[in-house]
Amino acid sequence: PRLMQVRWSRYNPSYMEPEVNKEFYRKPLEELTEEEREKVELKAVRPIKAAPPNLSSSVFSDPMVSKFTNMMMRDGNKVLARSLMTQTLETIKRKQLEKYHKAPENEKETIECNPYVIFHQALKNCQPIIGLTNITKGGKTYQVPVPLKDNRKRFLAMKWMITECRENKHRRTMMPEKLSQELLLAFNNEGPVIKRKHSLHKMAEANRAYAHFRWG
Amino acid sequence: AKHTEQHEGRHYGIPLEEVKAVFPHGLPSRFQQQIQTFNEARVMVRKPALELFSYLRSSNFAHPAVRYVIYGERGTGKTMILCHVVHFCSRQGWLVLHVPDAHLWVKNCKELLQSSYKKDRLDQPLQASVWLKNFKISNERFLRELKTQKKYVWGTRESTEEGRPLGEVVDQGLARVRSASDAVGVLLKEIKQQSHRGSFQLLVAVDGVNALWGRTTLRKEDKSPVSPEELTLVHNLRKMVMNNWSGGAIVTTLSQTGSLFKPSSAYLPQELLGKEGFDALDPFVPIPVPNYSPMEFESCYGYYLERRWLQHEKARTEDGKAELRFLSGSNPRQLDRLAGPL
(Lines give C-alpha, C1' and ligand atoms only; values in the text may rest on other atoms or scores of the structure.)
Protein backbone atom coordinates (compact mmCIF):
# COMPACT_ATOMS: atom_id res chain seq x y z
CA PRO A 1 0.00 0.00 0.00
CA ARG A 2 2.37 2.80 1.07
CA LEU A 3 5.39 3.14 -1.24
CA MET A 4 6.15 6.87 -1.66
CA GLN A 5 7.21 8.84 1.44
CA VAL A 6 5.14 11.99 1.76
CA ARG A 7 6.61 13.61 4.92
CA TRP A 8 10.24 14.59 4.94
CA SER A 9 12.40 17.10 6.86
CA ARG A 10 14.85 19.72 5.71
CA TYR A 11 17.37 18.99 8.45
CA ASN A 12 20.88 17.81 7.64
CA PRO A 13 21.16 14.12 8.71
CA SER A 14 23.90 15.06 11.19
CA TYR A 15 21.34 16.87 13.42
CA MET A 16 20.30 14.90 16.53
CA GLU A 17 16.97 14.77 18.37
CA PRO A 18 16.67 16.80 21.62
CA GLU A 19 16.69 14.84 24.90
CA VAL A 20 13.85 15.99 27.15
CA ASN A 21 14.06 13.56 30.07
CA LYS A 22 15.45 15.30 33.16
CA GLU A 23 16.48 11.98 34.71
CA PHE A 24 18.94 11.44 31.89
CA TYR A 25 20.91 14.54 32.79
CA ARG A 26 21.01 13.78 36.49
CA LYS A 27 22.84 10.47 36.14
CA PRO A 28 26.64 10.80 36.60
CA LEU A 29 28.92 9.58 33.80
CA GLU A 30 29.84 6.24 35.33
CA GLU A 31 26.30 4.86 35.39
CA LEU A 32 25.71 5.23 31.67
CA THR A 33 25.94 2.26 29.30
CA GLU A 34 28.28 2.21 26.29
CA GLU A 35 25.71 3.51 23.82
CA GLU A 36 24.64 6.32 26.08
CA ARG A 37 28.24 7.38 26.57
CA GLU A 38 28.73 7.56 22.81
CA LYS A 39 25.53 9.57 22.48
CA VAL A 40 26.72 12.06 25.09
CA GLU A 41 30.03 12.49 23.28
CA LEU A 42 28.25 13.01 19.97
CA LYS A 43 25.97 15.59 21.57
CA ALA A 44 28.94 17.68 22.51
CA VAL A 45 29.91 17.96 18.84
CA ARG A 46 26.83 17.61 16.61
CA PRO A 47 24.08 20.26 16.24
CA ILE A 48 20.59 19.50 17.70
CA LYS A 49 17.17 19.90 16.06
CA ALA A 50 14.66 22.39 17.45
CA ALA A 51 12.15 20.90 19.90
CA PRO A 52 8.56 20.72 18.55
CA PRO A 53 5.91 22.61 20.58
CA ASN A 54 4.03 19.51 21.77
CA LEU A 55 7.15 17.98 23.33
CA SER A 56 7.34 18.95 27.01
CA SER A 57 9.82 18.18 29.77
CA SER A 58 7.06 18.08 32.37
CA VAL A 59 6.76 14.94 34.47
CA PHE A 60 3.06 14.73 33.74
CA SER A 61 3.19 14.67 29.97
CA ASP A 62 2.21 11.54 28.08
CA PRO A 63 2.80 11.01 24.32
CA MET A 64 -0.36 8.90 23.93
CA VAL A 65 -2.54 11.54 25.60
CA SER A 66 -1.10 14.31 23.41
CA LYS A 67 -1.68 12.20 20.28
CA PHE A 68 -5.29 11.69 21.33
CA THR A 69 -5.80 15.43 21.93
CA ASN A 70 -4.36 16.17 18.50
CA MET A 71 -6.83 13.78 16.94
CA MET A 72 -9.74 15.33 18.83
CA MET A 73 -8.72 18.80 17.69
CA ARG A 74 -10.89 20.55 15.09
CA ASP A 75 -9.88 23.56 13.00
CA GLY A 76 -6.66 23.81 14.94
CA ASN A 77 -8.41 24.59 18.24
CA LYS A 78 -5.88 22.90 20.53
CA VAL A 79 -7.06 24.89 23.57
CA LEU A 80 -10.54 23.39 23.33
CA ALA A 81 -9.24 19.88 22.65
CA ARG A 82 -6.89 20.01 25.63
CA SER A 83 -9.58 21.32 27.96
CA LEU A 84 -11.93 18.53 26.80
CA MET A 85 -9.20 15.99 27.49
CA THR A 86 -8.54 17.32 31.01
CA GLN A 87 -12.27 17.36 31.77
CA THR A 88 -12.59 13.77 30.51
CA LEU A 89 -9.76 12.56 32.77
CA GLU A 90 -11.30 14.42 35.67
CA THR A 91 -14.77 12.89 35.14
CA ILE A 92 -13.25 9.40 34.92
CA LYS A 93 -11.42 10.03 38.19
CA ARG A 94 -14.54 11.35 39.92
CA LYS A 95 -16.70 8.41 38.81
CA GLN A 96 -14.10 5.89 39.93
CA LEU A 97 -13.55 7.64 43.27
CA GLU A 98 -17.26 7.69 43.99
CA LYS A 99 -17.47 3.97 43.24
CA TYR A 100 -14.41 3.42 45.42
CA HIS A 101 -15.88 5.20 48.43
CA LYS A 102 -19.15 3.32 48.19
CA ALA A 103 -17.63 -0.13 47.69
CA PRO A 104 -17.17 -2.57 50.61
CA GLU A 105 -13.69 -3.18 52.00
CA ASN A 106 -12.69 -6.28 50.04
CA GLU A 107 -13.59 -4.77 46.67
CA LYS A 108 -11.74 -1.53 47.27
CA GLU A 109 -8.47 -2.81 45.88
CA THR A 110 -9.92 -4.03 42.59
CA ILE A 111 -11.30 -0.61 41.63
CA GLU A 112 -8.79 1.29 39.50
CA CYS A 113 -8.84 5.03 40.12
CA ASN A 114 -5.95 6.28 38.02
CA PRO A 115 -7.40 7.87 34.84
CA TYR A 116 -4.17 7.37 32.89
CA VAL A 117 -4.08 3.64 33.60
CA ILE A 118 -7.72 3.35 32.52
CA PHE A 119 -7.03 5.35 29.35
CA HIS A 120 -4.06 3.22 28.31
CA GLN A 121 -5.78 -0.06 29.12
CA ALA A 122 -8.97 0.94 27.28
CA LEU A 123 -7.05 1.88 24.15
CA LYS A 124 -5.06 -1.35 24.34
CA ASN A 125 -8.30 -3.32 24.56
CA CYS A 126 -9.63 -1.54 21.47
CA GLN A 127 -6.65 -2.22 19.23
CA PRO A 128 -7.43 -4.72 16.44
CA ILE A 129 -4.90 -7.50 15.71
CA ILE A 130 -5.40 -7.94 11.97
CA GLY A 131 -6.90 -5.52 9.50
CA LEU A 132 -8.25 -5.67 5.97
CA THR A 133 -6.69 -4.04 2.90
CA ASN A 134 -7.89 -3.72 -0.67
CA ILE A 135 -5.76 -5.77 -3.10
CA THR A 136 -6.61 -5.71 -6.83
CA LYS A 137 -6.03 -8.96 -8.67
CA GLY A 138 -7.33 -9.80 -12.12
CA GLY A 139 -9.52 -6.72 -12.33
CA LYS A 140 -11.37 -7.32 -9.05
CA THR A 141 -10.58 -5.78 -5.63
CA TYR A 142 -10.59 -8.18 -2.71
CA GLN A 143 -10.60 -7.42 1.05
CA VAL A 144 -7.51 -9.29 2.22
CA PRO A 145 -6.69 -9.87 5.92
CA VAL A 146 -3.25 -8.45 6.71
CA PRO A 147 -1.24 -7.90 9.96
CA LEU A 148 -1.16 -4.27 11.12
CA LYS A 149 1.75 -2.24 12.37
CA ASP A 150 1.75 -0.91 15.95
CA ASN A 151 1.24 2.68 14.90
CA ARG A 152 -1.69 1.73 12.69
CA LYS A 153 -3.31 -0.23 15.54
CA ARG A 154 -3.03 2.70 17.94
CA PHE A 155 -4.33 5.09 15.32
CA LEU A 156 -7.35 2.89 14.55
CA ALA A 157 -8.23 2.49 18.23
CA MET A 158 -8.14 6.24 18.84
CA LYS A 159 -10.01 7.01 15.62
CA TRP A 160 -12.82 4.58 16.42
CA MET A 161 -13.15 5.97 19.93
CA ILE A 162 -13.45 9.56 18.72
CA THR A 163 -15.88 8.89 15.85
CA GLU A 164 -18.06 6.78 18.10
CA CYS A 165 -18.24 9.52 20.72
CA ARG A 166 -18.99 12.17 18.16
CA GLU A 167 -21.84 10.35 16.46
CA ASN A 168 -23.71 8.06 18.80
CA LYS A 169 -24.67 10.45 21.52
CA HIS A 170 -27.75 12.35 22.61
CA ARG A 171 -27.73 15.95 21.44
CA ARG A 172 -27.25 17.42 24.91
CA THR A 173 -24.49 15.18 26.34
CA MET A 174 -21.08 16.82 26.53
CA MET A 175 -18.03 15.20 24.94
CA PRO A 176 -16.06 14.63 28.20
CA GLU A 177 -19.00 12.80 29.74
CA LYS A 178 -19.56 10.57 26.71
CA LEU A 179 -15.83 9.89 26.30
CA SER A 180 -15.43 8.94 29.96
CA GLN A 181 -18.39 6.55 29.64
CA GLU A 182 -16.86 4.92 26.54
CA LEU A 183 -13.40 4.65 28.08
CA LEU A 184 -14.77 2.97 31.19
CA LEU A 185 -16.76 0.50 29.06
CA ALA A 186 -13.71 -0.25 26.93
CA PHE A 187 -11.65 -0.76 30.09
CA ASN A 188 -14.06 -3.57 31.02
CA ASN A 189 -14.11 -4.98 27.46
CA GLU A 190 -17.69 -3.90 26.77
CA GLY A 191 -19.19 -1.14 24.64
CA PRO A 192 -19.56 -0.29 20.95
CA VAL A 193 -15.86 0.24 20.18
CA ILE A 194 -14.96 -3.28 21.30
CA LYS A 195 -17.87 -4.54 19.21
CA ARG A 196 -16.43 -2.79 16.17
CA LYS A 197 -13.05 -4.40 16.78
CA HIS A 198 -14.70 -7.82 17.05
CA SER A 199 -16.66 -7.30 13.83
CA LEU A 200 -13.41 -6.41 12.03
CA HIS A 201 -11.83 -9.60 13.35
CA LYS A 202 -14.83 -11.62 12.15
CA MET A 203 -14.62 -10.10 8.66
CA ALA A 204 -10.94 -10.94 8.52
CA GLU A 205 -11.68 -14.50 9.64
CA ALA A 206 -14.42 -14.76 6.98
CA ASN A 207 -12.06 -13.61 4.21
CA ARG A 208 -9.34 -16.04 5.26
CA ALA A 209 -9.39 -17.69 1.84
CA TYR A 210 -7.87 -14.61 0.18
CA ALA A 211 -4.98 -14.38 2.62
CA HIS A 212 -2.47 -15.66 0.04
CA PHE A 213 -3.23 -12.66 -2.21
CA ARG A 214 -0.88 -10.70 0.01
CA TRP A 215 2.09 -12.18 -1.78
CA GLY A 216 1.07 -11.47 -5.40
CA ALA B 1 -14.37 22.04 64.88
CA LYS B 2 -16.07 25.13 66.18
CA HIS B 3 -13.49 27.69 67.11
CA THR B 4 -10.34 26.96 65.25
CA GLU B 5 -7.86 29.51 66.47
CA GLN B 6 -4.26 28.43 66.26
CA HIS B 7 -4.81 25.71 63.69
CA GLU B 8 -3.66 27.69 60.74
CA GLY B 9 -3.28 25.70 57.52
CA ARG B 10 -5.28 22.70 58.68
CA HIS B 11 -8.46 21.48 57.04
CA TYR B 12 -11.55 21.09 59.16
CA GLY B 13 -14.61 19.12 58.17
CA ILE B 14 -18.20 20.27 58.18
CA PRO B 15 -20.75 17.47 58.68
CA LEU B 16 -22.93 16.97 55.60
CA GLU B 17 -26.25 17.72 57.32
CA GLU B 18 -24.96 21.10 58.42
CA VAL B 19 -23.74 21.84 54.91
CA LYS B 20 -27.26 21.33 53.57
CA ALA B 21 -28.78 23.41 56.34
CA VAL B 22 -26.35 26.31 56.42
CA PHE B 23 -25.32 26.59 52.76
CA PRO B 24 -28.29 25.85 50.54
CA HIS B 25 -26.94 28.29 47.97
CA GLY B 26 -23.56 29.56 49.06
CA LEU B 27 -20.79 27.26 47.90
CA PRO B 28 -18.89 27.52 44.61
CA SER B 29 -19.83 24.81 42.09
CA ARG B 30 -16.40 23.16 42.01
CA PHE B 31 -16.47 22.84 45.79
CA GLN B 32 -19.88 21.19 45.60
CA GLN B 33 -18.45 18.64 43.17
CA GLN B 34 -15.58 17.98 45.60
CA ILE B 35 -18.07 17.40 48.42
CA GLN B 36 -19.90 14.88 46.29
CA THR B 37 -16.75 13.03 45.26
CA PHE B 38 -15.11 12.84 48.69
CA ASN B 39 -18.36 12.53 50.71
CA GLU B 40 -17.17 15.26 53.08
CA ALA B 41 -16.72 19.03 53.05
CA ARG B 42 -13.29 20.24 54.15
CA VAL B 43 -12.38 23.91 54.38
CA MET B 44 -8.84 25.13 55.00
CA VAL B 45 -8.32 27.54 57.89
CA ARG B 46 -6.37 30.56 56.65
CA LYS B 47 -5.01 33.71 58.25
CA PRO B 48 -7.60 36.23 56.91
CA ALA B 49 -10.37 34.04 58.30
CA LEU B 50 -8.71 33.94 61.72
CA GLU B 51 -8.36 37.73 61.69
CA LEU B 52 -12.03 38.09 60.88
CA PHE B 53 -12.99 35.77 63.73
CA SER B 54 -10.99 37.78 66.24
CA TYR B 55 -12.63 41.01 65.03
CA LEU B 56 -16.09 39.52 65.15
CA ARG B 57 -15.58 38.16 68.65
CA SER B 58 -14.29 41.46 69.99
CA SER B 59 -16.86 43.64 68.20
CA ASN B 60 -19.11 45.76 70.36
CA PHE B 61 -22.71 45.29 69.34
CA ALA B 62 -23.92 48.63 70.63
CA HIS B 63 -21.83 50.43 67.99
CA PRO B 64 -22.94 50.63 64.35
CA ALA B 65 -22.11 47.57 62.27
CA VAL B 66 -18.52 47.32 61.03
CA ARG B 67 -17.98 46.58 57.35
CA TYR B 68 -15.31 44.14 56.21
CA VAL B 69 -14.36 43.88 52.56
CA ILE B 70 -12.44 40.77 51.51
CA TYR B 71 -10.44 41.41 48.37
CA GLY B 72 -7.67 39.64 46.47
CA GLU B 73 -6.63 38.42 43.05
CA ARG B 74 -8.66 35.94 41.06
CA GLY B 75 -8.97 32.50 42.56
CA THR B 76 -7.37 33.15 45.95
CA GLY B 77 -10.22 31.74 48.02
CA LYS B 78 -12.32 34.80 48.95
CA THR B 79 -15.65 32.99 48.56
CA MET B 80 -14.38 30.08 50.65
CA ILE B 81 -13.34 32.44 53.45
CA LEU B 82 -16.80 34.02 53.34
CA CYS B 83 -18.40 30.59 53.63
CA HIS B 84 -16.11 29.79 56.56
CA VAL B 85 -17.24 32.98 58.33
CA VAL B 86 -20.90 32.21 57.59
CA HIS B 87 -20.52 28.73 59.05
CA PHE B 88 -18.76 30.09 62.13
CA CYS B 89 -21.52 32.62 62.77
CA SER B 90 -24.33 30.17 62.19
CA ARG B 91 -22.65 27.82 64.69
CA GLN B 92 -22.69 30.64 67.20
CA GLY B 93 -26.36 31.27 66.56
CA TRP B 94 -26.33 34.49 64.56
CA LEU B 95 -28.97 35.35 61.97
CA VAL B 96 -27.16 35.00 58.65
CA LEU B 97 -28.25 36.92 55.56
CA HIS B 98 -26.15 35.22 52.86
CA VAL B 99 -26.31 36.48 49.29
CA PRO B 100 -24.35 33.93 47.23
CA ASP B 101 -23.49 36.16 44.31
CA ALA B 102 -24.91 39.62 43.77
CA HIS B 103 -23.85 39.43 40.11
CA LEU B 104 -26.62 36.89 39.49
CA TRP B 105 -29.12 39.64 40.28
CA VAL B 106 -27.82 42.12 37.69
CA LYS B 107 -27.34 39.88 34.69
CA ASN B 108 -29.16 37.12 32.77
CA CYS B 109 -32.57 37.92 34.15
CA LYS B 110 -35.38 36.54 32.02
CA GLU B 111 -38.33 38.35 33.64
CA LEU B 112 -38.45 41.93 34.74
CA LEU B 113 -41.71 43.19 36.18
CA GLN B 114 -42.74 46.72 36.90
CA SER B 115 -42.87 47.12 40.65
CA SER B 116 -46.30 47.77 42.12
CA TYR B 117 -44.89 49.44 45.20
CA LYS B 118 -42.92 52.21 43.52
CA LYS B 119 -43.59 53.15 39.92
CA ASP B 120 -40.11 53.45 38.41
CA ARG B 121 -38.55 50.31 39.96
CA LEU B 122 -38.21 46.88 38.38
CA ASP B 123 -38.80 43.56 40.12
CA GLN B 124 -37.09 40.24 39.61
CA PRO B 125 -39.48 37.52 40.71
CA LEU B 126 -37.29 34.52 39.80
CA GLN B 127 -34.15 35.49 41.67
CA ALA B 128 -36.12 36.82 44.63
CA SER B 129 -38.13 33.63 45.06
CA VAL B 130 -35.01 31.44 44.78
CA TRP B 131 -33.26 33.52 47.43
CA LEU B 132 -36.30 33.42 49.75
CA LYS B 133 -36.47 29.64 49.48
CA ASN B 134 -32.83 29.28 50.45
CA PHE B 135 -33.14 31.84 53.25
CA LYS B 136 -36.01 29.85 54.68
CA ILE B 137 -33.94 26.64 54.75
CA SER B 138 -31.00 28.28 56.50
CA ASN B 139 -32.74 30.41 59.13
CA GLU B 140 -35.95 28.63 60.05
CA ARG B 141 -35.58 29.18 63.76
CA PHE B 142 -35.43 32.97 63.49
CA LEU B 143 -38.36 33.17 61.13
CA ARG B 144 -40.57 31.66 63.77
CA GLU B 145 -39.35 33.87 66.61
CA LEU B 146 -39.25 37.32 65.05
CA LYS B 147 -42.48 39.23 64.57
CA THR B 148 -43.43 41.98 62.12
CA GLN B 149 -43.98 45.42 63.54
CA LYS B 150 -46.17 47.01 60.90
CA LYS B 151 -49.03 46.02 58.73
CA TYR B 152 -48.11 45.22 55.09
CA VAL B 153 -50.63 45.08 52.27
CA TRP B 154 -49.58 42.92 49.34
CA GLY B 155 -52.40 43.35 46.93
CA THR B 156 -56.15 43.77 46.94
CA ARG B 157 -56.74 40.71 49.11
CA GLU B 158 -53.59 39.68 50.95
CA SER B 159 -52.16 41.56 53.89
CA THR B 160 -49.95 40.68 56.83
CA GLU B 161 -51.03 41.95 60.26
CA GLU B 162 -48.79 43.31 62.95
CA GLY B 163 -47.19 40.74 65.22
CA ARG B 164 -47.22 37.79 62.79
CA PRO B 165 -44.02 35.72 62.54
CA LEU B 166 -41.69 36.62 59.68
CA GLY B 167 -42.09 33.11 58.26
CA GLU B 168 -45.46 34.25 56.97
CA VAL B 169 -43.85 37.08 54.99
CA VAL B 170 -41.49 34.57 53.39
CA ASP B 171 -44.34 32.18 52.59
CA GLN B 172 -46.26 35.06 51.11
CA GLY B 173 -43.34 35.89 48.85
CA LEU B 174 -42.97 32.26 47.78
CA ALA B 175 -46.66 31.79 47.12
CA ARG B 176 -47.21 35.03 45.20
CA VAL B 177 -44.14 35.15 42.98
CA ARG B 178 -45.07 38.57 41.65
CA SER B 179 -44.50 40.25 44.97
CA ALA B 180 -41.42 38.23 45.91
CA SER B 181 -39.01 41.16 45.65
CA ASP B 182 -41.26 43.28 47.85
CA ALA B 183 -41.30 40.42 50.37
CA VAL B 184 -37.50 40.48 50.36
CA GLY B 185 -37.53 44.23 50.97
CA VAL B 186 -39.96 43.89 53.86
CA LEU B 187 -37.87 41.12 55.40
CA LEU B 188 -34.67 43.16 55.26
CA LYS B 189 -36.34 46.23 56.74
CA GLU B 190 -37.85 44.29 59.64
CA ILE B 191 -34.58 42.52 60.45
CA LYS B 192 -32.68 45.80 60.39
CA GLN B 193 -35.12 47.50 62.76
CA GLN B 194 -35.13 44.63 65.19
CA SER B 195 -31.40 44.10 65.38
CA HIS B 196 -31.07 47.12 67.71
CA ARG B 197 -32.63 45.31 70.60
CA GLY B 198 -29.84 42.78 70.84
CA SER B 199 -31.94 39.64 70.98
CA PHE B 200 -29.90 38.27 68.09
CA GLN B 201 -26.79 39.22 66.12
CA LEU B 202 -27.05 39.81 62.43
CA LEU B 203 -24.44 38.90 59.85
CA VAL B 204 -24.89 40.27 56.35
CA ALA B 205 -22.67 38.23 54.02
CA VAL B 206 -22.66 39.45 50.42
CA ASP B 207 -20.48 37.88 47.74
CA GLY B 208 -19.64 40.01 44.72
CA VAL B 209 -20.68 43.27 46.34
CA ASN B 210 -19.28 45.28 43.41
CA ALA B 211 -22.38 44.28 41.44
CA LEU B 212 -24.48 46.66 43.51
CA TRP B 213 -22.78 49.75 42.15
CA GLY B 214 -21.64 48.85 38.64
CA ARG B 215 -23.72 48.65 35.45
CA THR B 216 -26.22 45.95 34.54
CA THR B 217 -26.59 43.99 31.31
CA LEU B 218 -30.37 44.13 31.62
CA ARG B 219 -32.55 46.28 29.40
CA LYS B 220 -36.08 47.57 29.70
CA GLU B 221 -38.66 46.81 27.08
CA ASP B 222 -37.81 49.93 25.12
CA LYS B 223 -34.15 48.80 24.99
CA SER B 224 -32.87 51.45 27.37
CA PRO B 225 -30.25 50.20 29.86
CA VAL B 226 -31.22 49.61 33.47
CA SER B 227 -29.11 51.13 36.21
CA PRO B 228 -28.79 49.18 39.49
CA GLU B 229 -30.90 51.65 41.53
CA GLU B 230 -33.93 50.74 39.49
CA LEU B 231 -33.88 47.12 40.68
CA THR B 232 -35.73 46.59 43.96
CA LEU B 233 -33.45 43.79 45.14
CA VAL B 234 -30.31 45.90 44.62
CA HIS B 235 -31.92 48.93 46.26
CA ASN B 236 -32.87 46.99 49.39
CA LEU B 237 -29.49 45.33 49.61
CA ARG B 238 -27.74 48.69 49.46
CA LYS B 239 -29.80 49.83 52.45
CA MET B 240 -28.63 46.74 54.35
CA VAL B 241 -24.99 47.36 53.56
CA MET B 242 -25.22 50.93 54.95
CA ASN B 243 -23.89 51.01 58.49
CA ASN B 244 -26.71 52.93 60.10
CA TRP B 245 -27.85 49.94 62.17
CA SER B 246 -26.22 48.23 65.14
CA GLY B 247 -26.02 44.74 66.51
CA GLY B 248 -24.06 42.83 63.93
CA ALA B 249 -21.47 42.90 61.19
CA ILE B 250 -21.31 43.11 57.41
CA VAL B 251 -18.80 40.90 55.58
CA THR B 252 -18.53 41.38 51.82
CA THR B 253 -16.36 40.01 49.04
CA LEU B 254 -15.27 41.69 45.87
CA SER B 255 -15.38 39.44 42.85
CA GLN B 256 -13.93 40.06 39.43
CA THR B 257 -15.07 36.81 37.83
CA GLY B 258 -18.74 37.72 37.67
CA SER B 259 -18.31 41.46 37.36
CA LEU B 260 -19.54 43.29 34.31
CA PHE B 261 -17.52 45.70 32.22
CA LYS B 262 -14.42 45.54 34.39
CA PRO B 263 -10.95 44.45 33.18
CA SER B 264 -9.73 41.08 34.37
CA SER B 265 -6.63 42.40 36.08
CA ALA B 266 -8.61 44.65 38.46
CA TYR B 267 -8.78 43.39 42.02
CA LEU B 268 -8.41 46.41 44.34
CA PRO B 269 -11.54 47.83 46.03
CA GLN B 270 -11.09 51.23 44.39
CA GLU B 271 -11.08 49.74 40.87
CA LEU B 272 -13.86 47.20 41.26
CA LEU B 273 -16.33 49.22 43.30
CA GLY B 274 -16.09 52.41 41.26
CA LYS B 275 -16.37 55.85 42.76
CA GLU B 276 -20.01 55.47 43.91
CA GLY B 277 -19.46 52.15 45.56
CA PHE B 278 -16.30 53.22 47.30
CA ASP B 279 -17.97 56.33 48.76
CA ALA B 280 -20.97 54.31 49.83
CA LEU B 281 -18.87 51.64 51.53
CA ASP B 282 -16.32 54.18 52.75
CA PRO B 283 -15.36 53.38 56.34
CA PHE B 284 -14.57 49.68 55.90
CA VAL B 285 -11.91 47.25 57.07
CA PRO B 286 -10.08 45.79 54.07
CA ILE B 287 -8.91 42.19 54.36
CA PRO B 288 -6.51 41.09 51.62
CA VAL B 289 -6.38 37.41 50.71
CA PRO B 290 -3.01 36.26 49.32
CA ASN B 291 -2.16 33.07 47.42
CA TYR B 292 -1.19 29.97 49.36
CA SER B 293 1.83 30.31 51.62
CA PRO B 294 4.32 27.38 51.42
CA MET B 295 2.79 25.80 54.53
CA GLU B 296 -0.74 26.06 53.13
CA PHE B 297 0.41 24.61 49.81
CA GLU B 298 1.99 21.65 51.61
CA SER B 299 -1.17 21.03 53.57
CA CYS B 300 -3.36 21.22 50.46
CA TYR B 301 -1.04 18.84 48.59
CA GLY B 302 -1.05 16.44 51.52
CA TYR B 303 -4.84 16.54 51.65
CA TYR B 304 -5.14 15.68 47.96
CA LEU B 305 -2.70 12.80 48.35
CA GLU B 306 -4.54 11.48 51.39
CA ARG B 307 -7.95 11.53 49.71
CA ARG B 308 -6.46 9.84 46.59
CA TRP B 309 -7.24 12.82 44.38
CA LEU B 310 -3.74 12.98 42.87
CA GLN B 311 -3.58 9.62 41.12
CA HIS B 312 -0.67 10.08 38.69
CA GLU B 313 2.41 8.12 39.87
CA LYS B 314 4.75 11.00 39.19
CA ALA B 315 2.56 13.39 41.19
CA ARG B 316 3.78 11.79 44.42
CA THR B 317 7.45 12.58 43.77
CA GLU B 318 9.34 15.72 44.73
CA ASP B 319 9.60 16.71 41.08
CA GLY B 320 5.84 16.51 40.63
CA LYS B 321 5.24 18.64 43.72
CA ALA B 322 7.72 21.30 42.57
CA GLU B 323 6.12 21.31 39.15
CA LEU B 324 2.61 21.74 40.59
CA ARG B 325 3.83 24.58 42.76
CA PHE B 326 5.44 26.31 39.79
CA LEU B 327 2.57 25.82 37.34
CA SER B 328 -0.14 26.96 39.75
CA GLY B 329 1.90 29.83 41.22
CA SER B 330 0.41 28.82 44.62
CA ASN B 331 -2.98 30.00 43.38
CA PRO B 332 -5.69 27.83 44.93
CA ARG B 333 -7.92 27.83 41.85
CA GLN B 334 -5.09 26.93 39.45
CA LEU B 335 -3.93 24.18 41.77
CA ASP B 336 -7.44 22.76 41.88
CA ARG B 337 -7.74 22.86 38.09
CA LEU B 338 -4.30 21.30 37.57
CA ALA B 339 -4.84 18.55 40.10
CA GLY B 340 -8.11 17.57 38.41
CA PRO B 341 -6.82 15.47 35.53
CA LEU B 342 -3.70 14.26 37.36
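These legends describe close-up views of a predicted two-chain model.

Residues are numbered from 1 along each chain as its sequence is written, and chains are lettered from A in the order in which they are written. The model is predicted, so local features need pLDDT of at least 70, side-chain atom pairs count only at pLDDT 80 or more, and totals for chains, interfaces and linings use all residues; side-chain values use heavy atoms, with hydrogens and water left out.

**View 1. The interface of chain B and chain A.** Contact (heavy atoms within 4.5 Å) joins 24 residues of chain B to 19 residues of chain A. The buried area is about 2000 Å², and carbon and sulfur atoms give 55% of this. Buried area is the accessible area (1.4 Å probe) that two parts lose on being put together, summed over both.

**View 2. The salt bridge across the interface.** The rule finds one salt bridge between chain B and chain A. A salt bridge is a side-chain nitrogen of Lys or Arg within 4 Å of a carboxyl oxygen of Asp or Glu. The partners are A:Glu90 and B:Arg30, with their closest N and O atoms 2.9 Å apart.

**View 3. The side of chain B that touches chain A.** Helix H2 (29-38) and helix H13 (318-328) of chain B are the elements that give two or more residues to this side. H2(B) gives the most, with six residues. Helices (H or I, at least four residues) and strands (E, at least two) are DSSP runs, numbered from the N terminus. By class, the side holds eight nonpolar, nine polar and seven charged residues. Asp, Glu, Lys and Arg count as charged; Ala, Val, Leu, Ile, Met, Phe, Trp, Tyr, Cys and Pro as nonpolar; the others, Gly among them, as polar.

**View 4. A:Glu90 within helix H4 of chain A.** A:Glu90 also forms a salt bridge with A:Arg94, the closest N and O atoms being 2.6 Å apart. Both residues lie in helix H4 (residues 78-102) of chain A. They are four residues apart, about one turn of the helix. Over all chains, the search finds 15 salt bridges.

**View 5. The ring pair of A:Tyr142 and A:Tyr210.** The ring centres lie 4.9 Å apart and the planes meet at 40°, so the pair is tilted. Rings of Phe, Tyr and Trp (its six-membered ring) pair if their centres lie within 6.5 Å; planes under 30 degrees apart count as stacked, over 60 as edge-to-face and the rest as tilted. A:Tyr142 sits in strand E2 (residues 140-147) of chain A, and A:Tyr210 in the segment after helix H8 (192-206) of chain A. The two are 68 residues apart, and the pair links distant parts of the chain.
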